[in-house]
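Dear colleague,

I am pleased to hand over the structure below. Please look through it first, and then read the notes that follow it.

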Amino acid sequence: MRHRLAELRGPDVPAKALDARALAALAANPGCRRRAILDGAGVDKAALAGALGAPSDYGQSQFALIRGNTFEARVKADGGAELLRLTRTLLDPAAEPPAGAAVPDLSAPGPEGRTARTALALREAVAAGGWTLLDHPMLALDVAGSPAFLEPDAVVVHPDGGWTVVEIKSFPMLDGSADPAKVGAAARQAAVYVLALEAVAARLTPPPAVRHEVLLVCPKDFSNLPTARAVDVRAQRAVTARQLDRLTRVETIAEELPEGTCFDPERPAGELTAAVDAVPAAYAPECLSSCELAFHCRERSRAADAVTRLGRPLRAELGGLGTVHEVLSAARGESGDPDDPVVAALRRAAALRAEALAAAADREAVPCP
Ligand code: SF4
């Protein structure tokens with residue numbers, strides 16, 4: 001199977017490792033077979049999108065990165081005193097105050113070394129009791145048989161031995177709430193770390209509890225002061241676990257592809273378009289903020305007149321009608337089963353619209369006194 005995936009990627013193209021952001025984005029569109037096979041084969045989707053003539057602007061700007069790093073340094077100042085205070089206040093108020101928490105040195109050569117060092121620090125923290133802050137630990141998660149190395153912003157070990165993932169983001173929390181789309185993306189990313197931590201915990205006896213409520217730390221209102229909220233990531237964790245499980249079965253998708261299919265960005269654009277089109281996609285506007293192929297898939301979705309590009313909620317309302325043409329035709333009474341509740345609702349809506357337009361036209365036709 002590895003051989004087949006290497007063929008799909010291109011024989012001389014190295015596999016692109018998946019990071020937490022990429023793994024989290026998988027959970028954002030669990031029904032997309034195109035993304036599953038490209039990620040499973042280790043295809044560099046940004047390079048592929050460029051070769052298809054639809055480069056993405058997905059990713060963080062340099063300015064956002066610098067702002068994020070500055071805020072994170074502030075949150076972790078003084079041995080993470082404020083970060084630990086927020087963790088206790090929101091997630092473990094009955095625990096002792098986190099004065100004098102341990103902050104172990106996690107440096108080691110290479111990702112494997114850092115992963116082993118992190119696992120040791122976690123074990124020692126549980127044995128020692130009290131509060132421990134792990135600053136940028138390194139975790140490994142098995143993805144389709146290979147380890148993906150992941151680096152959360154922080155992990156806190158509670159006095160009871162439980163572990164909490166901390167995500168530090170630079171988008172603001174205004175009056176205690178933040179942009180739901182951004183919170184959702186952060187929750188999906190944190191869920192990946194939770195899964196990786198669970199793999200570490202499973203190797204300890206007894207296994208410590210990996211908390212499914214993570215701590216999201218953001219700037220308060222328009223200031224640079226940290227504030228936080230607890231985010232329950234159980235749903236995101238379940239979706240990501242299912243997606244990762246599907247990734248290990250990308251062979252089913254691969255087997256259905258025509259012989260010779262290859263996603264090597266060096267191939268001519270026409271060949272690449274045919275290769276990408278050979279795998280069914282599930283485009284939705286959410287792809288624009290989570291997948292490098294979004295501009296290409298949006299274009300193909302428009303060309304196919306698909307209703308998915310109008311958003312998942314609307315798609316769900318339209319039942320078996322898959323194209324805008326089918327929807328309009330059903331609304332006009334030219335096609336569709338009148339007993340189908342979706343078709344009936346469309347015709348009722350079309351009739352109401354016609355009535356409203358006629359009434360508006362009548363009002364305009366009345367001469368001014
Ligand atoms: S942009 Fe395309 S490949 Fe990526 S998740 Fe959306 S539909 Fe799938």
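**Overview of the chain**

Of the 369 residues in the chain, 43% are buried. Please bear in mind throughout that this is a predicted model. The chain holds 15 helices and seven strands. Taken along the principal axes, its C-alpha atoms fill a box of roughly 80 × 65 × 40 Å. Among contacts between residues at least 6 apart in sequence, 64% join residues at least 24 apart.

**Domains**

The domain assignment gives domain 1 (2–59 + 249–309), domain 2 (62–241) and domain 3 (324–365). The C-alpha centres of domain 1 and domain 2 lie 30 Å apart. The contact between these two domains takes 10 residues from domain 1 and 13 residues from domain 2.

Glutamate 251 lies in helix H10, which covers residues 250–256. Is glutamate 251 buried or partly exposed? Its relative accessibility is 25%, so glutamate 251 counts as partly exposed; the buried class would require a value under 20%. Glutamate 251 and alanine 349 are 98 residues apart in sequence, and their C-alpha atoms are 45 Å apart in space.

**The ligand and its surroundings**

The space taken by the ligand is the largest cavity.

Serine 301 is found in helix H12 (residues 294–303). Because its relative accessibility is 6%, serine 301 counts as buried. Leaving out residues up to four places away in sequence, serine 301 touches Tyr283, Ala306, Thr308 and Arg309.

Arginine 312 has its place in helix H13, residues 312–317. With a relative accessible area of 33%, arginine 312 is partly exposed. Apart from its neighbours within four places in sequence, arginine 312 is in contact with Ala28, Asn29, Ala284 and Glu286. Arginine 312 and alanine 282 are 30 residues apart in sequence, while the distance from C-alpha to C-alpha is 9.8 Å.

**Backbone details to examine**

Most residues other than glycine have a negative phi, and most peptide bonds are trans.

The peptide bond from threonine 205 to proline 206 is cis, with omega near -10 degrees. Proline 206 is placed in the loop between helix H8 (180–201) and strand S6 (213–219).

Aspartate 78 is not a glycine, yet it has a positive phi of about 55 degrees. This aspartate 78 belongs to helix H6 (residues 77–91). Its relative accessible area is 71%, so aspartate 78 is exposed.

Aspartate 175 likewise has a positive phi, of about 50 degrees, although it is not a glycine. Where does aspartate 175 lie? Its place is the loop between strand S5 (163–168) and H8. Aspartate 175 counts as exposed because its relative accessibility is 76%, and the exposed class begins over 50%.

Yours sincerely,

A colleague

Definitions and conventions: Residues numbered from 1 in each chain as written. Predicted model: local features only at pLDDT ≥ 70, side-chain atom pairs only at ≥ 80, totals over all residues. Heavy atoms only, no water. Helix = DSSP H or I, 4+ residues; strand = E, 2+ residues; numbered from the N terminus. Buried < 20%, exposed > 50% of the residue type's maximum accessible area, 1.4 Å probe, protein only. Contact = heavy atoms within 4.5 Å. 1 Å grid on protein atoms, 1.4 Å probe; cavity = no way out; pocket = protein on both sides within 12 Å on 5 of 7 lines; lining within 4 Å. Sits in = over half its atoms within 2 Å of the grid points. Domains from an automatic or database assignment.
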